[in-house]
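User: Hey, I've just opened this one and I'm new to it. Can we go through the aromatic rings together?
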Amino acid sequence: MSSNILRLDRLCKGLRLDQPTAEEIQKILKDDMSALQAVTAFLDDQYRRKQEQATQRRIKNARFPRIRKLEEYDFTQQDGVTSEQMRHLCDFIWLEQAYNVVFLGSPGVGKTHLATALGYEAAQSGYSVVFYTLEALMRILKTAEVSRSSKIRMSQLQRANLVIIDEVGFMPISRPEAHLLFSFVAACYETKSLVITSNKSFEEWSDFLGDPVIATAILDRLIYRCEIFSLTGEGYRIRHRQSILKKAR
């Protein structure tokens, strides 16, 4: 290894930059480059690496159950949302303005897929995203004062640009839990965006929340600045159901 490469290696360590191999350096730098062009090319490569690393950190910290992409969703099988509408949301003007997005529909129509794909696109675009089911979020809210891990996750929730709350309405929650949820939604109001998925219509929220007044207060803040998609159609899992007996015929 030449003295110049060794010196570059030491400088990268000192500046906490990625340490490219000699082969990578040769790909970046060309023989006919001026000194300024060479430095610019090297810093461009470093910037690209840092951006890619930051994107991967945001995706990891989002805690998506699995990566879903918009191009994987079959828009022809559902009513209530189009690929054009979802692509329009990917300009994230709504996120900059702290608007919310709600996906309503019966189980299996792809609400979680769309919410995750939207969150994934947001993370790719430089926004901080966190994903929790309502059940997991309630555990954090209830234990934030006594659990170190919950305190850390609450801090992440507070810093996030976008919070995705999945499976709202699948399980009833107690009245004290409903009050905690109201406090959380109220804290997010006009400061950050929420993406909600629910199998319940808004008229049914008072049932699983156990308190019509709290349900009204939550919905008042949630849907004031909000895009709502009501998905209809046969559930994906039902449509693609696999049968053991079919294979035996």
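User: How many aromatic pairs does a search of the whole structure find?
Analyst: Eight aromatic pairs turn up. Keep in mind that this is a predicted model. One of the pairs is Phe-92 with Trp-94, which is tilted, at 6.0 Å centre to centre and 45° between the planes.
User: Are Phe-92 and Trp-94 buried or exposed?
Analyst: Phe-92 and Trp-94 are both buried.
User: OK, next pair. What kind of aromatic pair do Trp-205 and Phe-208 form?
Analyst: That pair is edge-to-face, with 5.6 Å centre to centre and 65° between the planes.
User: Where do Trp-205 and Phe-208 lie?
Analyst: Both lie in helix H10, residues 205-209. They're three residues apart, about one turn of the helix.
User: Why does Trp-205 count as buried?
Analyst: Because its relative accessible area is 2%, and buried means under 20%. Phe-208 counts as buried too, because its relative accessibility is 5%.
User: Switching topic: where is Phe-182?
Analyst: Phe-182 is in helix H9, which covers residues 175-188. With a relative accessible area of 22%, Phe-182 is partly exposed.
User: What is Phe-182 in contact with, leaving aside neighbours within four places in sequence?
Analyst: Phe-182 is in contact with Ile-214, Ala-217, Ile-218 and Arg-221. Also, the C-alpha atoms of Phe-182 and Leu-219 are separated by 9.2 Å, with the two residues 37 apart along the chain.

Key: Residues numbered from 1 in each chain as written. Predicted model: local features only at pLDDT ≥ 70, side-chain atom pairs only at ≥ 80, totals over all residues. Heavy atoms only, no water. Phe/Tyr/Trp six-rings, centres within 6.5 Å; stacked < 30°, edge-to-face > 60°. Buried < 20%, exposed > 50% of the residue type's maximum accessible area, 1.4 Å probe, protein only. Helix = DSSP H or I, 4+ residues; strand = E, 2+ residues; numbered from the N terminus. Contact = heavy atoms within 4.5 Å.
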